[in-house]
Amino acid sequence: MSDPKMDNYDSPPPGDGTTEQALMGATMLADQALKRKLVGMLPPACFWVPQNAITWAAIRTLVDRVGGFDATTVAAELRRVGKFEEIGGYPALAEILNSEFSAVRAVEYAEAVLRLAQQRRLWKLNRDAAIGAWEGTEDPVALAYRTRDELDQLLRRASTKGDRAGGGREVARLILDQVEGRQKNVPTPWPLITKFARPLMNGTITLFVGSAGGGKSFALIESIVELILSNVKCAIAMLERDRAWHLNRALALLTNDLTILNDESIRNQPDLYQSRADAFEGELDDIGRSIWDASHMPSGLDDVALWIDQRAEEGCRVIAVDPLTLVDQEEKLHLAHDRFLRAVRRTIERTGCSVILSTHPRPGFKKGAPTLDDLAGSRVLVWRSDSILWLRSNPTLRGSFRAEPSTDAAIRGDDDFNRTIRCLKARDGVAVGLDFAMHFDRRTGHLVERGILTSIVDDDARRRSELEANL
């Protein structure tokens with residue numbers, strides 16, 4: 001592009017490193033509530049000076065973890081993430097402490113940093129739109145919609161004043177976002193769960209619970225595969241086994257044939273299975289790029305929260321961790337979970353992604369109807385999640401179910417389902433207390449939704465009752 005009119009716009013509006021340093025100094029002296037407000041207002045990307053952005057990221061971590069910070073703890077956190085020398089070491093931290101700042105002006109500094117970041121974002125947005133229109137490399141209608149959506153995001157993030165305005169405009173914006181598709185429920189492989197539980201609305205955390213060996217990970221990888229094939233960008237941390245093992249499961253789902261998981265079957269027909277792998281090479285490449293196994297994942301909850309934030313910034317709409325219970329836990333689990341979920345909440349509210357955390361029942365949980373008290377981990381997981389779905393496996397289940405709640409006739413199932421999913425929480429839906437009849441197909445590997453249960457019978461319990469009655 002060589003239009004001379006564009007020459008004056010080759011550089012973005014500059015930032016203000018001095019104000020950024022003043023903000024960090026003032027934040028150190030602020031009370032805990034104000035500290036949390038300030039770190040919530042500004043992601044590190046708002047900082048103009050790269051070293052300041054790195055330091056602010058460390059400050060945010062410390063405020064989440066312990067509520068405060070000083071030069072020593074910031075230095076320790078920077079060393080932990082390998083960034084201490086990059087920011088300039090102790091001389092750089094001393095420069096922040098020796099800068100001119102006033103604790104009472106902390107919000108004023110933050111608003112100034114945010115305003116400059118918004119100006120740079122607006123410059124880039126308009127310049128990209130101008131270049132796209134000039135060069136004709138993008139459809140004009142698509143370019144206009146994308147520009148409008150990003151301007152809307154910029155406006156939504158611009159409300160940083162301490163005084164709370166009325167909520168009418170916020171509700172109107174929420175409704176408009178839903179009408180125009182910016183706020184929507186991403187479909188799962190199971191239509192009724194999607195419709196009534198709505199677990200993948202923008203900005204939500206869903207817990208997916210199930211006992212070991214019950215098919216929880218298989219169901220999760222099935223969900224991710226379907227989303228990826230529908231062009232929904234995803235990321236999933238599979239902390240049990242390596243990526244190739246999970247990709248082999250994905251291939252079984254793609255080919256509707258679980259025999260590929262049997263080494264004897266592969267040895268008997270190697271050409272058949274190799275041809276299938278070749279046929280789905282492109283799909284497996286896409287799925288593989290979305291999987292992080294344990295060898296590529298950090299071990300602590302704080303680091304997993306950072307990984308989720310990084311994936312969200314890359315544009316992932318759905319991000320999953322399987323299982324959360326395998327992440328290294330700290331001694332005070334409720335504090336660790338609270339810090340972790342606060343960080344995740346900031347990420348999903350900023351980016352609009354959905355997060356799925358798979359977990360297990362508490363130790364000692366027996367068969368029976370699960371409740372919110374039966375989850376492994378702390379109660380914070382229950383409080384801070386938006387949806388909780390519990391997958392139960394029992395090959396002796398029989399019962400009646402409906403394809404839709406509005407239908408009158410119940411369908412009697414004999415061998416039609418061997419799993420159930422109970423909804424224990426649904427902030428965005430109406431499914432709390434519902435049991436969904438599911439069937440795990442041992443030939444294809446797919447978990448098929450049958451309907452909403454109206455009654456359920458455990459064959460083992462029925463046989464015991466009949467035996468006792470005949471004694």
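Because the model is predicted, local features need pLDDT of at least 70 and side-chain atom pairs count only at pLDDT 80 or more, while totals for chains, interfaces and linings use all residues; side-chain values use heavy atoms, with hydrogens and water left out.

**Stop 1: α10 and α11**

Select residues 216-229, which form α10, and residues 243-255, which form helix α11. Helices here are DSSP runs of H or I with at least four residues, strands are runs of E with at least two, and both are numbered from the N terminus. The two helices pack at an angle of about 65°, with their axes 10 Å apart. That makes α10 roughly perpendicular to α11 (angles of 65 to 115 degrees count as roughly perpendicular, under 35 as roughly parallel, over 145 as roughly antiparallel and the rest as oblique). Axes are lines fitted to C-alpha atoms, for helices over the stretch in contact, and angles run from 0 to 180 degrees between N-to-C directions.

Now show the side chains in contact (heavy atoms within 4.5 Å): S217, F218, I221, E222, V225 and L229 on α10, with R249, A250, L253 and L254 on α11.

**Stop 2: α11 and α14**

α11 passes α14 in a right-handed crossing. From α11, the contact takes R243, L247, A250, L251 and L254; from α14, it takes E283, L284, I287 and G288. Six of these residues are nonpolar, one is polar and two are charged (Ala, Val, Leu, Ile, Met, Phe, Trp, Tyr, Cys and Pro count as nonpolar, Asp, Glu, Lys and Arg as charged, and the others, Gly among them, as polar).

**Stop 3: the cavities**

The whole structure holds three cavities of 30 Å³ or more. On a 1 Å grid over the protein atoms alone, a cavity is a set of points where a 1.4 Å probe fits but cannot get out, and lining residues have an atom within 4 Å of a point. Grid points are joined across faces, edges and corners, and a volume is the space filled by probe spheres set on the points.

For the largest cavity, of about 130 Å³, select T188, W190, S223, I356 and L389, the nearest to its centre among 13 lining residues. α10 gives the largest share of this lining, three residues. The lining has ten nonpolar, three polar and no charged residues.

Next, find the second largest cavity, with about 100 Å³ of space. Its lining includes M24, M28, F69, D70 and L93. Nine of its lining residues are nonpolar, two polar and one charged.

**Stop 4: two backbone details**

Zoom in on N231, in the loop between α10 and β2 (234-238). Its phi is near 65°, a positive value in a residue other than glycine.

Finally, select D322 and P323: the peptide bond between them is cis, with omega near -10°. P323 sits in the loop between β4 (318-322) and α16 (333-351).

Terms used. Residues numbered from 1 in each chain as written. Left-handed = near helix turned anticlockwise from the far one by under 90°. 1 Å grid on protein atoms, 1.4 Å probe; cavity = no way out; pocket = protein on both sides within 12 Å on 5 of 7 lines; lining within 4 Å.
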